[in-house]
Amino acid sequence: MSALEFFKTLQSSEFGRYVGGLDHLFCAVLELGHIAGMILLLASVLLTSLNLLGLGLSKVPLVQIQHSTRKLFWTGLTLLLVSGLLIFIPAATSYYTNDFFWAKFVLLGVALLVYFTLYRWVAASGSRGTWLAKTTGGLVLSLWLGVAFAGRFIGFFA
């Protein structure tokens with residue numbers, strides 16, 4: 001099954017038709033939930049990344065910042081995934097030809113991979129201000145901002 005066929009199947013499913021037939025106010029709430037999720041996730045990533053870069057909260061241990069922002073990250077990621085799927089499924093085929101949609105998913109995959117491997121390892125090590133810490137902080141922040149901007153551009157280039 002090709003990606004296009006999968007998208008068509010999702011969109012034409014009973015669930016896809018049900019969500020697509022809901023009131024526009026529900027769709028607006030989904031969009032707000034998606035934006036709120038990105039804000040929560042980016043707040044967590046920003047606080048930790050700025051610390052790794054040596055630009056913020058320098059008197060607070062890095063492990064404490066990461067522990068304090070963990071709920072923000074997971075709440076944000078959950079909101080993004082749930083609202084994103086509910087936004088995507090009823091209009092799946094319209095996203096298929098959008099380059100920013102595909103860019104968002106490549107960036108999302110790489111951002112999650114780097115976050116759950118290198119980023120967490122560097123943060124757990126407590127090293128701050130080193131070349132690796134600064135590179136990791138900049139990379140993770142750039143990837144998540146790339147996800148946010150690519151997502152935002154999807155609507156402009158539909």
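The questions below go from the overall fold to helix packing, the core and the aromatic rings.

User: What kind of model is this, and how many helices and strands does the protein chain have?
Analyst: This is a predicted model. From the N terminus on, its elements run α-α-α-α-α-α-α. The count for the protein chain is 7 helices and 0 strands.

User: What box do the C-alpha atoms fill, and what share of the residues counts as buried?
Analyst: Along the principal axes, the C-alpha atoms of the protein chain fill a box of roughly 50 × 30 × 25 Å. The chain has 158 residues. Buried means under 20% relative accessible area. By that cut-off, the buried share is 35%.

User: Are helices H3 and H4 roughly parallel or roughly antiparallel?
Analyst: H3 covers residues 24-52 and H4 covers residues 62-88. Their axes come within 7 Å and cross at roughly 155°. Angles over 145 degrees count as roughly antiparallel. H3 is therefore, relative to H4, roughly antiparallel.

User: Which hand does the crossing of H3 and H4 have, and how many nonpolar, polar and charged residues are in the contact?
Analyst: The H3 and H4 crossing is left-handed. Sorted by class, the contact of H3 with H4 has 18 nonpolar, 12 polar and 1 charged residues.

User: How are H6 and H7 oriented to each other?
Analyst: The axes of H6 and H7 are 8 Å apart, and the helices pack at an angle of about 155°. The cut-off for roughly antiparallel is over 145 degrees. So H6 and H7 are roughly antiparallel.

User: What is the hand of the H6 and H7 crossing, and what residue classes make up the contact?
Analyst: H6 and H7 cross in a left-handed way. Their contact, by class, holds 24 nonpolar, 3 polar and 1 charged residues.

User: Which element gives the most to the largest nonpolar core?
Analyst: The largest nonpolar core has 22 residues. Leu41, Val45, Phe73, Tyr115, Val140 and Trp144 have the most contacts inside it. The elements giving two or more residues are H3, H4, H6 (99-125) and H7 (131-154). With 7 residues, the top contributor is H6.

User: Is Leu108 buried or exposed?
Analyst: Leu108 is found in helix H6. Its relative accessibility is 15%. The cut-off for buried is under 20%, so Leu108 counts as buried.

User: How far apart in space are Leu108 and Gly155?
Analyst: In sequence, Leu108 and Gly155 are 47 residues apart. In space, taken C-alpha to C-alpha, the distance is 17 Å.

User: How many aromatic pairs are there, and what is the geometry of Phe88 and Tyr95?
Analyst: The structure holds 20 aromatic pairs. In one of them, the ring centres of Phe88 and Tyr95 are 5.7 Å apart, and the planes are at 45°, so the pair is tilted. Both Phe88 and Tyr95 are buried. In short, 20 pairs, and for Phe88 with Tyr95 the geometry is tilted.

User: What is the geometry of the Tyr115 and Phe116 pair?
Analyst: The ring centres of Tyr115 and Phe116 lie 5.2 Å apart. Their planes are at 90°, and the cut-off is over 60 degrees. The pair is therefore edge-to-face.

User: Which residues do ring pairs link into a cluster?
Analyst: Phe88 and Tyr95, the tilted pair, belong to it.

Key:
Residues numbered from 1 in each chain as written. Predicted model: local features only at pLDDT ≥ 70, side-chain atom pairs only at ≥ 80, totals over all residues. Heavy atoms only, no water. Axes fitted to C-alpha atoms, helices over the stretch in contact; angles between N-to-C directions. Helix = DSSP H or I, 4+ residues; strand = E, 2+ residues; numbered from the N terminus. Parallel < 35°, antiparallel > 145°, perpendicular 65-115°, else oblique. Left-handed = near helix turned anticlockwise from the far one by under 90°. Nonpolar A, V, L, I, M, F, W, Y, C, P; charged D, E, K, R; others polar. Phe/Tyr/Trp six-rings, centres within 6.5 Å; stacked < 30°, edge-to-face > 60°. Buried < 20%, exposed > 50% of the residue type's maximum accessible area, 1.4 Å probe, protein only. Core = buried A, V, L, I, M, F, W, Y, C linked by side-chain atoms within 4.5 Å.
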